[in-house]
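Reader: Please take a close look at the place where the two chains meet. Start with the chains themselves, then go to the contact.

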Amino acid sequence: MSVTKFGRVTGPPSPNIHLGSSCRSMVSVCLTPSDRSGTLAEQTAQVLDNIDQYLRDMGSSRQKLLMVQVWLAHIDEFAGFRDAWNDWIDPEHVPALSVVEAAAARRDCLVEIRAYAAPGTDRSA
Amino acid sequence: MVIERRHIESLDGARKSQIVATDELIFLSGIHPESTDGDVKEQTRSALARVDALLAELGEDQSAILVIHVWLKDMRYFGAMNAAWNEWADPENPPARTCVSGELYRPDLLVEVVVTACRTGEVSA
């Protein structure tokens, strides 16, 4: 089974990583906000929009989301996440969700999100 | 790829599907105990019982789990969580597991588990 990587980041100071990858069963993308000046709701909306773009680039979509893991810097700000989340998800295609508090590498990064989605192409071949 | 979604619920207002499954993979949302009255052993026991029930809906059991991630509010609970785990896990075929600590979305919640499993049985069309 082959794996396709996307969103190459090179360092330093950034780590040398890809932001996402896909195989025939699943697409995965994990992002932090690039603009960290906003509120949690704004940072969340920004990350989710970027996830959207990556999923489209990989031939998947928001409608094919399977599972989303969210790390918040401050769990007591959950409401800010919730509002951006509910605005973003397709109510007909609601993914599984887990939200916990854990600090990201940068203190001003209020949220990190990893999304798993189904790939866009049929793999019947 | 057909995506099946079951039990659209609210995590403090954030919409989520408790089960999302493709013809290959199963994702369960972060699973909490039925009640937070108990200690961490009781909460873990309850959360794992819910894992059993959700997998059973799809005709699967813990043998289908690819990885189960345990979030503990505090790593000091590790021993008590393991006691409940060992009651539950098949001694001949225990699931792969990771466990780290993170503050959970409600202060009285001591444990959350996140499950990724595969579909071992036939999927009805």
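Author: Chain B has a radius of gyration of 14 Å, which agrees with the value near 14 Å for a compact globule of 125 residues. That radius is taken over C-alpha atoms, and the globule rule is 2.2 Å times the number of residues to the power 0.38. The C-alpha atoms of chain B fill a box of roughly 45 × 40 × 20 Å along the principal axes. Chain B holds 2 helices and 7 strands. Their order from the N terminus is β-β-β-α-β-α-β-β-β. Helices (H or I, at least four residues) and strands (E, at least two) are DSSP runs, numbered from the N terminus.

This is a predicted model: local features need pLDDT of at least 70, side-chain atom pairs count only at pLDDT 80 or more, and totals for chains, interfaces and linings use all residues. Residues are numbered from 1 along each chain as its sequence is written, chains are lettered from A and ligands numbered from 1 in the order in which they are written, and side-chain values use heavy atoms, with hydrogens and water left out.

Now chain A. Its secondary structure comes to 2 helices and 6 strands. From the N terminus they run β-β-β-α-β-α-β-β. The radius of gyration of chain A is 15 Å, close to the 14 Å that the globule rule gives for 125 residues, so chain A is as compact as a globular protein of that length. Its C-alpha atoms fill a box of roughly 45 × 40 × 20 Å, taken along the principal axes.

Next, the contact (heavy atoms within 4.5 Å). It takes 33 residues from chain A and 27 residues from chain B. The two chains bury about 2400 Å² between them, 59% of it on carbon and sulfur atoms. Buried area is the accessible area (1.4 Å probe) that two parts lose on being put together, summed over both. In chain A, Leu66(A), Val94(A) and Leu97(A) lose the most area to chain B, together 21% of what that side buries.

Polar links come next. There are 14 residue pairs in polar contact between the chains, both residues at pLDDT 80 or more. A polar contact is a pair of N or O atoms within 3.5 Å; within protein, one must be able to donate a hydrogen and the other to accept it, and residues adjacent in sequence count only if both atoms are side-chain atoms. Strand S4 (65-72), helix H2 (78-88) and strand S5 (96-101) of chain A each supply at least two residues of the side that touches chain B. S5(A) gives the largest share, 6 residues.

S5(A) pairs with strand S6 (residues 103-104) of chain B in the antiparallel sense over 2 bridges. Two strands pair if DSSP finds at least two bridges between them. Val100(A) stands opposite Leu104(B) in S6(B). The open sheet of 7 strands has mixed pairing and the order S1(A)-S2(A)-S3(A)-S6(A)-S4(A)-S5(A)-S6(B). Its edge strands are S1 (4-9) of chain A and S6 of chain B, each pairing on one side only.
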